[in-house]
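Subject: Structure for your review

Dear colleague,

Please find below the structure that I am handing over to you. My findings follow it, arranged by topic.

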Amino acid sequence: MEKTTGMIMAEALREKGVRHVIGMPASHCLHGYDALYGQSDITVYQVTDETNASIIAEGYGRVARKPMVCLVTAGPGGTRLLSGVVEALQEPSPMIAITTDVAAAIRGKGCSHDMDIETPYKGQVKAAFRVTTPEQMRAAIHEAYDISVTGKPGPVQIIVSADIWSKTT
């Protein structure tokens, strides 16, 4: 059976024992949320602002000592996470921030939600990964989880282009 990048994400999260995903579903990341729909072992929490998602995830990570995953849309969705991401780095709290980017073919061309999502996170996360193919998602989730809880806990960013979510392998 072919699997979408979102389905691979859901499997990898289960494999690492992640039980909570929080964010604000929107057009660029809907395929990621679709893959989580109906998962009995992963609870999805919907917020009305991405800042709230990152603050909740930071608090969860601080108490549980394992990461909650934030899943957000492109552009402002990713930048609104930064308050909680910075807090997670300082506290320190494990967190995984999955930030969607616009499709690779239109990146840098001024379309809606097109912005540099990597630069604001530099120095605010322990590591960052860009997923450009469905095959890269599992390793990115596994590495992000391990890095977020190893040594001094902290946030890790995974960037996924919007057009990758629905691609299959």
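Which kind of interaction joins the side chains of Lys 3 and Glu 11? In this predicted model, the two side chains form a salt bridge, with an N to O distance of 2.8 Å. Lys 3 is partly exposed at 27% relative accessibility, whereas Glu 11 is buried at 18%, the limit for buried being under 20%.

Salt bridges

The structure contains ten salt bridges. Another of them pairs Glu 50 with Arg 80 at 3.2 Å, N to O. This pair connects distant parts of the chain, since Glu 50 belongs to helix 3 (residues 50-64) and Arg 80 to helix 4 (residues 76-80), 30 residues apart. Glu 50 is buried, with 2% relative accessibility, while Arg 80 is partly exposed at 36%.

Glu 91 and Arg 62 also meet through their side chains in a salt bridge, at 3.9 Å from N to O. Glu 91 is located in the loop between helix 5 (82-90) and strand 4, and Arg 62 in helix 3; the pair therefore ties together parts that are 29 residues apart in sequence. Both residues are partly exposed, Glu 91 at 33% and Arg 62 at 38%.

Strand 6 and its partners

Strand 6 (residues 155-161) is largely enclosed by the rest of the structure, because seven of its seven residues are buried. Pro 155, Gln 157, Ile 159 and Ser 161 point one way from this strand, and Val 156, Ile 158 and Val 160 point the other way. Strand 4 (residues 95-101) pairs with strand 6 in the parallel sense over seven bridges, and Thr 99 stands opposite Ile 159. Strand 5 (residues 127-131) also runs parallel to strand 6, joined to it by five bridges; here Ala 127 has Val 156 as its bridge partner. Together with helix 6 (residues 134-149), strands 5 and 6 make a right-handed β-α-β unit.

Nonpolar cores

The largest nonpolar core has 28 residues, and Met 9, Leu 13, Leu 71, Ile 98 and Ile 158 have the most contacts inside it. Among the elements giving two or more residues to this core are helix 1 (5-15), helix 2 (30-36) and strand 3 (68-72). Beyond its neighbours within four places in sequence, Met 9 is in contact with residues including Leu 36, Ile 141 and Trp 165. A second, separate core has 17 residues, among them Val 47, Ala 53, Ala 88 and Ile 117.

Yours sincerely

Conventions:
Residues numbered from 1 in each chain as written. Predicted model: local features only at pLDDT ≥ 70, side-chain atom pairs only at ≥ 80, totals over all residues. Heavy atoms only, no water. Buried < 20%, exposed > 50% of the residue type's maximum accessible area, 1.4 Å probe, protein only. Helix = DSSP H or I, 4+ residues; strand = E, 2+ residues; numbered from the N terminus. Pairing = 2+ DSSP bridges. Right-handed = clockwise from strand over helix to strand, strands pointing away. Core = buried A, V, L, I, M, F, W, Y, C linked by side-chain atoms within 4.5 Å. Contact = heavy atoms within 4.5 Å. Salt bridge = Lys/Arg side-chain N within 4 Å of Asp/Glu carboxyl O.
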